[in-house]
Structures are given as C-alpha cells and as structure tokens.
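Subject: Handing over the structure, with notes

Dear colleague,

I am passing the structure on to you below, together with notes on what was found in it. Please keep the sequence and the 3D view open while you read, and take the notes in order.

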Amino acid sequence: MTVASERTDLYPSRTATEVTIPRKDPVVWSPQDAPGPITRSDLQSYEDNGFLAVEELITPEEVGVYRSELDRLVADPLIRADERAIVEPKSEKVRSVFEIHKISEVFAGLVRDERLLGRARQILGSDVYVHQSRINVKPGFGASGFYWHSDFETWHAEDGLPRMRAVSVSIALTENYDTNGGLMIMPGSHRTYVGCNGVTPKDNYKRSLQMQDAGIPSDEVLTEFADRHGIKLFTGKAGSATWFDCNAMHGSGDNITPYPRSNVFIVFNSVDNAAEEPFAAPVRRPEFIGARDFTPVR
C-alpha cells in the first residue's frame, strides 16, 4: 500500500483545521476548439460556472424506459436487500441504488450513450471510466436532502482520486420543480477547494450515504461562498440534465411535496486520474461507491 505521506497531496483535507486553497487543476482539460457535442460558448460557460444545463439530453420516450427501470429496481426485494441500496433512515424507503450500470443492462446502455460519453470526454480531455453510478429516488413526503459539499473532497479523501478531473451528470427522470428538493450549486465555487477539518471514521460511507457528517464545510465558509457566488437552483422537465464539476459546492433540500424527484447520476473520471489509496481515510470505500475498474467506457 502506498502511504499517503509519501505522495504529493495537492488537496489536503480531514486535518486539524479547515483550509481553502485555489484550484490547482484545469476545469476543461481539452482545448476549447476540441471536437465534441458541447459548443465552444457552452464549454466556456462550464469553465466559468462549473456546470452546464442541457434542456433535453434524452427524449420523453427514453425517459419512460429509464423511469420504468428505476421503478423496477426500487420495487425488487433482492435489490432492496443488496448493500448497494440505501434507504431513508425514517421512512425506510429506498433513497439510492448504486452501481446501476452493472446491475441493469438498461442503465449500462445509457452509460455508453455517446450523448453522455462525448460530453464527458470533451470536458476531461481523455477516455473516461465510471467512478460511480446511482439512481436517486428522493420520494415525496419527507425524503431528506444532501447537505452542502464538494464531491471531490470526499472522492479525494476516501476514494483516492488524485486530481480534479471528474465530471458528474444528473439526468432528471421526473420533473424538477423549485419545491421538491432540486439540485443547488454555487456558481464559480469549483475554483476553490475546501479542505474540511476532522477525521474520517472507519466505514464512514455507511452513515454518509444517509446523512453526511465528515467532509462538510463550516457554516462560515458556506456563508462566504454563498455571498461570493450566489446559489443556482436547477429545475426542468424529465429528460433534462445538469453536468457539473467534481469540485462544485452543491446540495439539495428535503422533499416534503407529494412529487418525487428521481434522477440517474453518473460520475465519469479520466482514465489518467485513476483512484489510488485514500488520501485521508483509513480504508477505501467499497467499489460500488468508488470504482477500481478503470476500463474505458466504449
């Protein structure tokens, strides 16, 4: 095992004090004029803001297919009993199912779709593999939200991703209203890294997937970020998608409406940024959360 202290850690975290440092990596890794489905102006907007909204990434007909598959997986007692299924602590309804591109041939096909792969390669400037995939159900009447965080902080500390060379896409399978716990991002926050204080408990993932604790920025930093960057709430019809940088500060509120907010969430990581040993955790998270298969998606 490689000892963390023997490596160059560009983004220290889970230490005695909270730190904020400028990002040391590009946001867009390919040249601005690189071929791909993202226009030059949209690519520049992604670089500036840390996200890109696509009004219709998949068609209404495709939404029906993926939504039916989500419903099938959530209703399957074998899936519910699998450790890859995460349930709400109060209602005990399924909250998320991880590694869906391996569980489901339907979602495996979506991961290989060039509408996704082309954008991921264009942003990351290389072939990509799936670091994580999941469906988020967020049922109505009390599904809990996801507190403010940077994904990269966790993926670096607990999964061992060395650089900020990953991108996430969240595809809506139900309409995202401004009332049912939609995704919120602080535009421009991706340019500053927040190294959180504290230590990573063993098997932290078991708690963090229901209610995040370790890797949470302080109220003071979040207030400073919100004052500086503002907060963008994403709404849109089923089939719309939001691409966002791995270091964007984001979160979502509880859903107390009757209307579920379901989406499929895929993280593409560059094959040149393969996970190492964790930088600030005693053990790796399970592979269904942080992949160790770095085979390029084709």
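Leaving aside its neighbours within four places in sequence, Ser270 is in contact (heavy atoms within 4.5 Å) with Leu124, Ser126, Asp127, Tyr129 and Arg165. With one of these residues, Ser126, the side chain of Ser270 also makes a polar contact through its own side chain, at 2.7 Å. A polar contact here is a pair of N or O atoms within 3.5 Å, where, within protein, one atom must be able to donate a hydrogen and the other to accept it, and where residues adjacent in sequence count only if both atoms are side-chain atoms. Ser270 counts as buried because its relative accessibility is 0%; buried means under 20% relative accessible area, exposed means over 50%, and partly exposed lies in between, with a 1.4 Å probe and protein chains only.

Before going further, please note that this is a predicted model, in which local features need pLDDT of at least 70 and side-chain atom pairs count only at pLDDT 80 or more, while totals for chains, interfaces and linings use all residues. Residues are numbered from 1 along each chain as its sequence is written, and side-chain values use heavy atoms, with hydrogens and water left out.

Ser270 is found in strand β13, which covers residues 263–270 and has eight of its eight residues buried. Helices (H or I, at least four residues) and strands (E, at least two) are DSSP runs, numbered from the N terminus. Which residues of β13 point one way, and which the other way? Asn263, Phe265, Val267 and Asn269 point one way, whereas Val264, Ile266, Phe268 and Ser270 point the other way, and all are buried.

Strand β13 has pairing partners, where two strands pair if DSSP finds at least two bridges between them. Strand β5 (residues 128–136) pairs with β13 in the antiparallel sense over eight bridges, and in this pairing Tyr129 stands opposite Asn269 of β13. Strand β7 (residues 166–172) also runs antiparallel to β13 and is joined to it by seven bridges, with Val267 as the bridge partner of Ser168.

Now to the charged side chains. Side chains of opposite charge can pair when their charged atoms come close. A salt bridge is counted when a side-chain nitrogen of Lys or Arg lies within 4 Å of a carboxyl oxygen of Asp or Glu, and by this rule the count comes to 19 salt bridges. One of them joins Arg14 to Glu158, with the closest N and O atoms 3.0 Å apart. This pair links distant parts of the chain, since Arg14 lies in the segment before β1 (19–22) and Glu158 in helix α7 (residues 151–159), 144 residues apart. Arg14 is buried because its relative accessible area is 7%, and Glu158 counts as buried because its relative accessibility is 2%.

Another salt bridge, between Arg165 and Asp272, has an N to O distance of 4.0 Å; Arg165 lies in the loop between α7 and β7 and Asp272 in the segment after β13, 107 residues apart. Are its two ends buried or exposed? At 12% relative accessibility Arg165 counts as buried, whereas Asp272, at 58%, counts as exposed.

The aromatic rings come next. Rings of Phe, Tyr and Trp (its six-membered ring) pair if their centres lie within 6.5 Å, and planes under 30 degrees apart count as stacked, over 60 as edge-to-face and the rest as tilted. By this rule the count comes to ten aromatic pairs. The rings of Tyr66 and Phe107 have their centres 5.7 Å apart and their planes at 25°, so this pair is stacked. Tyr66 lies in helix α2 and Phe107 in helix α5 (residues 105–111), 41 residues apart, and both residues are buried. Elsewhere, Tyr11, Phe152 and Tyr193 form one aromatic cluster.

Lastly, Arg134 lies over the face of Phe265, at 4.1 Å from the ring centre. A charge sits over a ring if NZ of Lys or CZ of Arg is within 6 Å of the ring centre and within 35 degrees of the ring normal.

With best wishes
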